[in-house]
Amino acid sequence: PKLSKLNHYSYDNPKVTVVNQDAWKFIEKSQTLYDVIVVDLPDPNNISLSRLYSVSFYHLLKSHLAKYGAMVTQANSPMFCPKAYWSIDKSIEVTKLHTLPYHVYIPSFGEWGFVLASRIPLKDIQLHNMQGLKYLDNSIWQRMQIFPPDIAKIEVEPNKLSSHKLIKYYNDGWAKWYE
């Protein structure tokens, strides 16, 4: 009850459907085009999860993205695992979607990254109708897209089912912090 109140009973909205299923199997069988796809998966620390961050999976998602739709994925930390972060961005770019990487400080995670993607260019996207937002405006949104030199874009390989480079990038990145 307390969580329901906190999220304004959003799960009671008839527009909301919760599906507990393997993401790959779900999207493979889906016949729907989506205006918004939110990908919030566990970190890609094994083959089962890495496949959900692969070029092949992003191609599947792209095939279900509406013409003017957008997709966003959590993409790990550009600070703690820069190669993993930029590999996720690269993996989406390979599908010919336009990407817009951004990052934000999350108290329980630290510096965390996301990648917004669409069939249309996103470079100059402006936020509109932001009434009621306490922590986000266009100025903050623009700053979220700036990557200082220590986490700036780097050349990495995309994550493919044939190589799973992302697992190595992820494990090497976190190992540096926990040795």
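Modeller: Before we look at single residues, one cut-off is needed: a residue counts as buried when its relative accessible area is under 20%, and as exposed when that area is over 50%. Please keep in mind throughout that this is a predicted model.

Colleague: With that cut-off in hand, why does N76 count as buried?

Modeller: The relative accessibility of N76 is 0%, and since the limit for a buried residue is under 20%, N76 counts as buried. N76 has its place in the loop between β2 and α5.

Colleague: What makes the phi of N76 worth a remark?

Modeller: Most residues other than glycine have a negative phi. The phi of N76, in contrast, is near 75 degrees, a positive value in a residue that is not glycine.

Colleague: And why is K96 called exposed?

Modeller: K96 has a relative accessible area of 67%, and because exposed means over 50%, K96 is exposed. K96 is found in the loop between α5 and β3, the latter being residues 98-106. Although K96 is not a glycine, its phi is positive, at about 75 degrees.

Colleague: Turning to the helices, how do you know that α5 and α7 are roughly antiparallel to each other?

Modeller: The axes of helix α5, residues 82-93, and helix α7, residues 165-178, cross at roughly 150 degrees and come within 7 Å. Angles over 145 degrees count as roughly antiparallel, and α5 and α7 are therefore roughly antiparallel to each other.

Colleague: Which residues of α5 and α7 meet?

Modeller: From α5 there are K83, A84, S87 and I88, and they meet L166, Y169 and Y170 in α7. Sorted by class, this contact of α5 with α7 has 5 nonpolar, 1 polar and 1 charged residues.

Colleague: Why is S87 called buried?

Modeller: S87, which is found in helix α5, has a relative accessibility of 0%, and because this is under the 20% limit S87 counts as buried. Leaving aside neighbours within four places in sequence, S87 is in contact with V156, E157, P158, N159, L166 and Y169. The C-alpha atoms of S87 and Y53 are separated by 9.2 Å, while along the chain these residues are 34 residues apart.

Colleague: What makes W24 a buried residue?

Modeller: W24, which lies in helix α2, has 12% relative accessibility, and because that is under 20%, W24 counts as buried. Not counting residues up to four places away in sequence, W24 touches R51, L52, S54, S56, F57, L60 and L161.

Colleague: Which residues of helix α4 are buried, and what covers them?

Modeller: Helix α4, residues 55-63, has V55, F57, Y58, L60, L61 and K62 as its buried residues. Their cover includes α2 (23-29), β1 (34-39), β2 (65-74) and α5.

Colleague: Why is K5 called exposed?

Modeller: Its relative accessible area is 59%, and because exposed means over 50%, K5 is exposed. K5 is found in helix α1, residues 2-6. Between the C-alpha atoms of K5 and K165 there are 42 Å, and along the chain K5 and K165 are 160 residues apart.

Colleague: Finally, what lines the largest pocket?

Modeller: The lining of the largest pocket is made of 17 residues, and of these V19, F26, I37, V38 and V39 lie nearest its centre. At least two lining residues each come from α2, β1 and α4, and the largest share, 5 residues, is supplied by β1. The volume of this largest pocket is about 660 Å³.

Colleague: How do the lining residues of the largest pocket divide by class?

Modeller: They divide into 13 nonpolar, 2 polar and 2 charged residues.

Note on methods. Residues numbered from 1 in each chain as written. Predicted model: local features only at pLDDT ≥ 70, side-chain atom pairs only at ≥ 80, totals over all residues. Heavy atoms only, no water. Axes fitted to C-alpha atoms, helices over the stretch in contact; angles between N-to-C directions. Helix = DSSP H or I, 4+ residues; strand = E, 2+ residues; numbered from the N terminus. Parallel < 35°, antiparallel > 145°, perpendicular 65-115°, else oblique. Contact = heavy atoms within 4.5 Å. Nonpolar A, V, L, I, M, F, W, Y, C, P; charged D, E, K, R; others polar. Buried < 20%, exposed > 50% of the residue type's maximum accessible area, 1.4 Å probe, protein only. 1 Å grid on protein atoms, 1.4 Å probe; cavity = no way out; pocket = protein on both sides within 12 Å on 5 of 7 lines; lining within 4 Å. Points joined across faces, edges and corners; volume = space filled by probe spheres on them.
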